[in-house]
Amino acid sequence: MDVLHRFSFIDLPIRGQWVRLENSLAEATQFRVYPKPIHEMLGQMLAAVAMVADNIKFSGAVTLQSRGDGDLLRSLAECKDQAFLRGIMHLEDPDNETMADQPLAQWLGNGQLALSLIPDKATAMQPYQGFVSLEYDTLAQCLEHYFVTSEQLETSLNFASNSGDSSATSPSVTGLLLQRLPNNTQATEIEIDAARDAWHTLTTLAATVTDEELSQLDAQTLLYRLFHEYPCRLHEPRELSYRCTCSREKTDTTLMMLGSDDLSELIEERSEITVDCEFCGNRYSYDRDSATKVLNDLAEQTAANEASDASNNPKTLH
Ligand SMILES: [Zn+2]
């Protein structure tokens, strides 16, 4: 089971998160073989959305996605309802197995990386999208900068991957985040100074963590090894797992987006239409009858939309 632990330093406005993904990373990569740096980046993106989602009280999805013209054309990592992860990377050349590590901006080429909050319809919240500046080499550094500039939260973030080279372990990614919260409005000058000094020391210590320590120690041991001079409370773990949110209904909608002309042409041409979910490999098949039903539903929807458009926008002025 993959877990995320929140922790907080006693009497200091400093919090943190530790997350390790192993099973969900294995499931997210079961249908595609990625070159090592891309596999690791997907792991880091999944860990990042899990951490962001954990801090937001809402039902819906947090996504981190990129689009560009470099070796990495598109990528998406999603955490739904703070618990369910899925993700995918689309490469310019999926067969290129010898990709070397390079700065994030180079992977994306002329591209963008965006962090989005997509609340469920039931949640009375507006969707939000922010762009992550790509001026730093690693995803961790770019996100640190994002949190400071967009959320005014000083942040320290580290990721480490275990490539699972030995037969005893499978690939995993571990993330460690520290965040400095605003001082309590009633904080005394002494407390404010103490918080500033502690932040400086804690982030200096966090920067000393080795990939081996971060990727192999459990949360409790790691926190003690790094920060033992600062008592901290480790909260109950939050469980994370891989789950795809695809469904027959959503696939219907995808088919409808082809438009009625293209869809009827497809039905004419083929006895069966299949749509594969690129995340989980699930195959949705439509025979002529079920495809025609989608086409009819589309026609009905279009008619209903036109009727409501007409009532919303009276074309005759009184
Ligand atoms: Zn799926």
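**Entry 1**

I began with alanine 47, which touches Val19, Leu21, Phe159, Val173 and Gly175, leaving aside residues up to four places away in sequence. I count two residues as in contact if their C-beta atoms, placed from the backbone, lie within 7 Å.

A note to myself on the ground rules: residues are numbered from 1 along each chain as its sequence is written. This is a predicted model, and local features need pLDDT of at least 70, side-chain atom pairs count only at pLDDT 80 or more, while totals for chains, interfaces and linings use all residues.

**Entry 1: the cores**

Next I looked up the largest nonpolar core, which has 60 residues. Those with the most contacts inside it are Met45, Leu46, Ala47, Ala48, Val49 and Ala50. The largest share of this core, twelve residues, comes from H2. I also found a second, separate core of eight residues, including Leu255, Leu263, Ile267 and Val294.

For the term, I wrote down that a nonpolar core is a set of buried Ala, Val, Leu, Ile, Met, Phe, Trp, Tyr and Cys residues joined through C-beta atoms within 7 Å. A residue is buried if 20 or more other C-beta atoms lie within 10 Å of its own, exposed if 12 or fewer, and partly exposed in between, with C-beta atoms placed from the backbone.

**Entry 2: helix H2**

Is H2 mostly covered or exposed? I found it mostly covered, with 17 of its 19 residues buried. Helix H2 takes in residues 36-54. I then checked its length: at 1.5 Å a residue its 19 residues should span 27 Å, and the end C-alpha atoms are 27 Å apart, so the two agree. The expected span is 1.5 Å times one less than the number of residues.

Helices (H or I, at least four residues) and strands (E, at least two) are DSSP runs, numbered from the N terminus. I noted ten helices and 13 strands in the chain.

I followed some strands side by side. Strand S3 (residues 60-67) and strand S6 (residues 112-119) pair in the antiparallel sense over eight bridges. S6 also pairs with strand S7 (residues 128-132), again in the antiparallel sense, over five bridges. Here two strands pair if DSSP finds at least two bridges between them. In S7, tyrosine 128 is the bridge partner of leucine 117.

Which residue of S6 stands opposite glutamine 65? I found alanine 114 there. Glutamine 65 lies in S3, and it touches Ser75, Leu76 and Ala114 when residues up to four places away in sequence are not counted. Glutamine 65 is partly exposed because 19 other C-beta atoms lie within 10 Å. Its C-alpha atom is separated by 8.4 Å from that of glutamate 78, 13 residues apart along the chain.

**Entry 3: two positive phi values**

Most residues other than glycine have a negative phi. I found a positive one at aspartate 11, near 65°. Aspartate 11 lies in the loop between strand S1 (2-9) and strand S2 (14-21), and it counts as exposed because it has 12 C-beta neighbours inside 10 Å.

Glutamine 152 also has a positive phi, near 50°. Its place is in the loop between helix H4 (139-151) and strand S8 (154-162). With 9 C-beta neighbours inside 10 Å, glutamine 152 counts as exposed.

I read the domain assignment, which gives domain 1 (2-242) and domain 2 (248-312). Such bounds come from an automatic or database assignment. The C-alpha centres of the two domains lie 37 Å apart.

Then I picked valine 275, in strand S12 (residues 272-276). Valine 275 touches Thr251, Thr254, Leu255 and Tyr284, not counting residues up to four places away in sequence. It counts as partly exposed because it has 17 C-beta neighbours inside 10 Å. Valine 275 and threonine 210 are 65 residues apart in sequence and 44 Å apart in space, C-alpha to C-alpha.

**Entry 4: the whole chain and its confidence**

The C-alpha trace spans about 70 × 65 × 35 Å along its principal axes. Of the 318 residues, 32% count as buried.

The chain averages 90, and 96% of the residues score at least 70. Among the elements, helix H10 (residues 288-312) has the lowest mean pLDDT (80) and S2 the highest (98). Over residues 313-318 the pLDDT is below 50, and this stretch has zero contacts in the model beyond near neighbours in sequence.

Technical notes: pLDDT is the predictor's confidence in each residue, from 0 to 100.
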